[in-house]
Amino acid sequence: MTEAAELPPAPEQAREVFGHRFADAVRYAELLAEAGVQRGLIGPREVPRLWERHLLNCAVLSEVVPEGVTVCDVGSGAGLPGIPLALVREDLKITLLEPLLRRTTFLTEVVELLGLDHVTVVRGRAEEVMGTLPPVHVVTARAVAPLDRLATWGIPLLRPYGEMLALKGDTAEEELKSAATALSKLGAVETSVLHVGEGVVDPLSTVVRVEVGESPGGVRFAAKRAKAARTGRARRRR
């Protein structure tokens with residue numbers, strides 16, 4: 001049996017980024033390295049690079065998230081980027097949306113252990129919860145799906161003039177170009193590729209920003225959203 005990889009000490013940048021929540025960030029890293037690996041949420045090879053490649057890489061997303069907004073982390077998995085974002089931004093109200101039970105169980109345990117009162121865990125797929133979850137200002141995602149497919153799940157969850165922030169790699173520009181038509185049909189009005197984490201991570205974290213207009217999801221989702229809202233109201237009246 002292969003011996004589990006050891007979690008390295010937190011880099012100095014982590015103290016600066018997580019501030020008074022640094023101890024919680026360390027505990028989260030330990031949980032990922034232990035229970036996260038045991039439950040198959042992350043691969044054992046990721047443990048030595050948990051800080052730079054995962055926690056800090058996600059935490060710097062906070063640089064482009066507006067103050068005091070609502071956030072839905074789609075396909076949250078083991079909580080990346082939602083939990084690092086929650087640790088550095090207590091002004092946000094964050095929903096971790098994840099369809100798999102073993103992952104939502106882990107997320108719920110982490111949220112309770114770290115006392116993240118501004119974070120809610122919801123089990124479900126993005127296309128299933130539309131109309132049951134209040135529309136949010138920002139949708140986040142990391143390593144969930146190609147941009148065109150991710151957009152069909154994430155954009156309809158936005159409120160008018162909201163934005164989707166997707167952490168991507170070297171192919172960000174290419175994905176954005178190939179998804180241009182799909183994004184336009186989904187109501188996107190502006191797109192950009194941002195680089196964040198100067199002085200914290202190297203290479204910088206790459207973020208694809210997709211801003212929408214007054215109809216997130218476009219015509220395709222307008223009727224579906226209205227139907228979901230009516231169904232939700234009918235259930236509440238019962």
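**Reading the sheet**

Tutor: Begin with strand 4, which is mostly covered, with six of its seven residues buried. Buried means under 20% relative accessible area, exposed over 50%, and partly exposed in between (1.4 Å probe, protein chains only). Strands (E, at least two residues) and helices (H or I, at least four) are DSSP runs, numbered from the N terminus. The model is predicted: local features need pLDDT of at least 70, side-chain atom pairs count only at pLDDT 80 or more, and totals for chains, interfaces and linings use all residues. Residues are numbered from 1 along each chain as its sequence is written, and side-chain values use heavy atoms, leaving out hydrogens and water.

Student: Which strands pair with strand 4 in the parallel sense?

Tutor: Two strands pair if DSSP finds at least two bridges between them. Strand 1 pairs with strand 4 in the parallel sense over three bridges, and aspartate 73 has threonine 140 of strand 4 as its bridge partner. Strand 5 also pairs with strand 4 in the parallel sense, over six bridges; there, arginine 142 stands opposite leucine 167.

Student: What is the order of the strands in the open sheet?

Tutor: The seven strands run 3-2-1-4-5-7-6, with mixed pairing. Strand 3 (119–123) and strand 6 (188–196) are at the edges with a single partner strand each, so one side of each has no neighbour in the sheet.

Student: In which sense do strand 5 and strand 7 pair?

Tutor: Strand 5 (residues 158–168) and strand 7 (residues 205–212) are antiparallel, joined over six bridges. Lysine 168 is opposite threonine 206 in strand 7.
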